[in-house]
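These notes concern the strands, the sheets and a few backbone details. Please read them with the structure open.

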Amino acid sequence: MVYPTCQFYGISTGLISPNEAIIPKIVAAMEKQDLSFKNGDILVIAESALATSEGRLVTLNDQTPSKEAESIAEQYHLDPHLAEIVLNESDEIIGGIPGFLLCTSRGNLLPNAGVDGSNAPDGQVTLLPSDPDKSARIMRKAIADETGAAIAVLIIDSRTHPMRYGCSGVAIGCSGIPSVLDERGNRDLFGRELKVTRRAIADNIASAAELLMGEADEGIPVVLVRGLDIPFGDYEGIEQISAEECIFMGIIARNAQKRLQ
């Protein structure tokens, strides 16, 4: 039996400056590592690097905290300037713990609306890319135009999980592969039909890539993935569900309604 294999290559780009074009930086870094794009490759990019290249940096002291921001900052032990930025980036504040707010933003449930001070200059924070799916699509097309290679692009971030220590990767932007593969209708080892199973392909790739990227000063914001046997094509976007369909958000909402009754 021949077992499938794949390769993950960490790409060390060096520091990316605000508003610096990221694709030439990636291509140059790959050339130094004797790598070039091939059909079927997946380019995985950390959101902080992309956000920096898109100029999504904000200086904390440039913000004027609102009364709401000051109130939230006092309640959850936050810098009021940071609280103001998080409010601006959030669709809704669900709650929080000291140091963090749990927010919804662009269909995502995440701490501090993705506002992050790590891997940002002192006194600044990075915001999430304004439209990660669009960024992934633009980069995929630009690389195809420049190199002729049909690849996929993932923009990824790190997330915590309910009642677990530690972070793992999650895809926030996707172009060229399906973010989720529907396994319903397939059979398990005992012949039973799968009723609900969907595989989070993009998130699984993101988590594997994060093993190379790290979370500190590794300087590897890009990973090239090669050899995965998954569908490629004109797939676009991260497949999401509504808050009402989510087991975590649904339970939170129902419990909140009970308390109000």
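1. Asp 34 lies in the loop between helix H1 (22-32) and strand S2; helices (H or I, at least four residues) and strands (E, at least two) are DSSP runs, numbered from the N terminus. Asp 34 has a positive phi of about 55°, although it is not a glycine. Its relative accessible area is 72%, so Asp 34 is exposed; exposed means over 50% relative accessible area, buried under 20% and partly exposed in between, with a 1.4 Å probe and protein chains only.

2. On provenance, this is a predicted model, in which local features need pLDDT of at least 70 and side-chain atom pairs count only at pLDDT 80 or more, while totals for chains, interfaces and linings use all residues. Residues are numbered from 1 along each chain as its sequence is written, and side-chain values use heavy atoms, with hydrogens and water left out.

3. Asn 112 also deserves a look. Its phi is positive, about 50°, although Asn 112 is not a glycine. Asn 112 is found in the loop between strand S6 (108-111) and strand S7 (124-126). Is Asn 112 buried or exposed? At 6% relative accessibility, Asn 112 counts as buried.

4. An open sheet of five strands has the order S1-S12-S2-S8-S9, and its pairing is mixed; two strands pair if DSSP finds at least two bridges between them. Strand S1 (7-11) and S9 stand at the edges with a single partner strand each, so one side of each is left without a neighbour in the sheet. The twist averages 30° from one strand to the next; axes are lines fitted to C-alpha atoms, for helices over the stretch in contact, and angles run from 0 to 180 degrees between N-to-C directions.

5. S8 and strand S9 (residues 167-175) run antiparallel, with eight bridges joining them. Val 153 stands opposite Ser 175 in S9, and the bridge partner of Ile 155 in S9 is Gly 173.

6. Helix H5 (residues 132-147) lies across S2, S8 and S9, running at about 65° to S9; contact means heavy atoms within 4.5 Å. Helix H6 (residues 201-213) lies across S1, S2, S8, S9 and strand S12 (222-226), and runs at about 120° to S9.

7. Another open sheet has three strands in the order S4-S5-S6, with antiparallel pairing. Strand S4 (92-97) and S6 stand at the edges, each with a single partner strand, so one side of each has no neighbour in the sheet. From one strand to the next the twist averages 20°. S4 is joined to strand S5 (residues 100-105) by five bridges, and the two run antiparallel. Gly 95 has Leu 102 in S5 as its bridge partner.
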